[in-house]
Amino acid sequence: AAAPLGHVPSTDGRTSVPRFPLGLPVVMAVFTMFGSSGPFFVPLLMAYGAIVLAYLLGRDAGSAGTISHALGLFAAGLVAVDPLFAAYAIQPMSDVPATGWLLASVWAATTKTRVATRPLLWSLVAGICGGMAILTRPALLPAVIVLVLVTAGRRRSLLFIFGGTVAAFVALQLVLNVALYGGPSASGYGSLSHMFELSLPRLIANAANFGKWLTYSHTALFWLLWPGALFVLRRQPSAWHLSAVATAAAVPYLFYIVFDDWESSRFLLPSIAFILILCARALAHLSHPSHP
């Protein structure tokens with residue numbers, strides 16, 4: 001009863017510890033340098049960053065010149081006007097920051113021009129951003145692992161830097177879990193088995209729940225975007241890589257606690273951002289079939 005909002009009793013029974021993963025609170029703590037309201041601007045600023053990253057990920061798929069910039073702007077626009085993204089860009093919650101960190105990791109890890117010029121630096125940046133995505137939302141661990149795997153075709157040294165940096169953040173998260181909650185799989189929300197349950201009833205319930213509320217917020221057209229984009233971009237490995245990361249980001253929440261509310265689809269926001277970027281790439285490809 002004495003634990004303040006956003007905290008839970010610690011294992012010693014005498015103090016309280018944060019309920020939420022520490023990735024977002026750490027960044028918000030840095031922003032206290034701008035005053036007491038500074039931390040509340042973090043999600044909004046990271047939303048702007050995510051929009052810029054959507055532009056960069058879209059532009060990287062295009063050819064040089066006007067087509068490239070138009071493609072990037074269209075991808076950024078789709079992400080910016082997404083109803084879930086817009087709603088949570090102004091909330092002091094982890095959804096948009098986690099999306100931003102994952103987009104940053106993908107951008108740093110998959111763009112050939114940067115990787116070719118300064119491979120060690122960008123592998124490290126990708127690892128740090130992927131690690132921050134995990135600290136912000138631990139359920140994104142599968143998505144970051146898949147990202148490491150789809151970049152495994154590069155030199156082993158780069159894979160070691162990327163994967164090793166991510167592993168260091170995972171180790172940090174496990175240490176925090178033990179120190180704050182008493183076990184590596186514990187959290188402020190409860191045990192891992194409480195939050196995630198590999199059961200058919202929960203899978204069916206979450207699939208129906210997400211299907212209903214995503215249709216409500218995005219219309220039924222949304223369900224055609226991903227398969228349609230993949231069909232158009234089927235010859236582009238990068239499209240399949242992005243889809244693999246998006247899938248890995250969404251799958252854990254099919255086994256999560258069921259929340260029958262439109263806001264529950266915010267858990268899928270990282271995956272939605274990738275789908276919208278792929279949609280922009282597909283439309284550009286249809287308009288200019290000759291570009292990559």
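**Close-up views of a predicted model**

**View 1. R266 sits in the loop between α13 (237-250) and α14 (269-287).** Helices here are DSSP runs of H or I with at least four residues, numbered from the N terminus. This is a predicted model, in which local features need pLDDT of at least 70, side-chain atom pairs count only at pLDDT 80 or more, and totals for chains, interfaces and linings use all residues. Residues are numbered from 1 along each chain as its sequence is written, and side-chain values use heavy atoms, with hydrogens and water left out. With a relative accessible area of 17%, R266 is buried (under 20% relative accessible area, 1.4 Å probe, protein chains only). Its side chain makes a polar contact of 3.0 Å with that of D95 (N or O atoms within 3.5 Å, one able to donate a hydrogen and the other to accept it; residues adjacent in sequence count only if both atoms are side-chain atoms).

View 2. The whole structure holds 12 aromatic pairs (ring centres of Phe, Tyr or Trp, the last by its six-membered ring, within 6.5 Å; edge-to-face means planes over 60 degrees apart). W107 is buried at 16% relative accessible area, and W122 is buried at 18%.

**View 3. One aromatic cluster brings together F196, Y253, Y256, F259 and F267.**

Conventions
Helix = DSSP H or I, 4+ residues; strand = E, 2+ residues; numbered from the N terminus. Buried < 20%, exposed > 50% of the residue type's maximum accessible area, 1.4 Å probe, protein only. Phe/Tyr/Trp six-rings, centres within 6.5 Å; stacked < 30°, edge-to-face > 60°.
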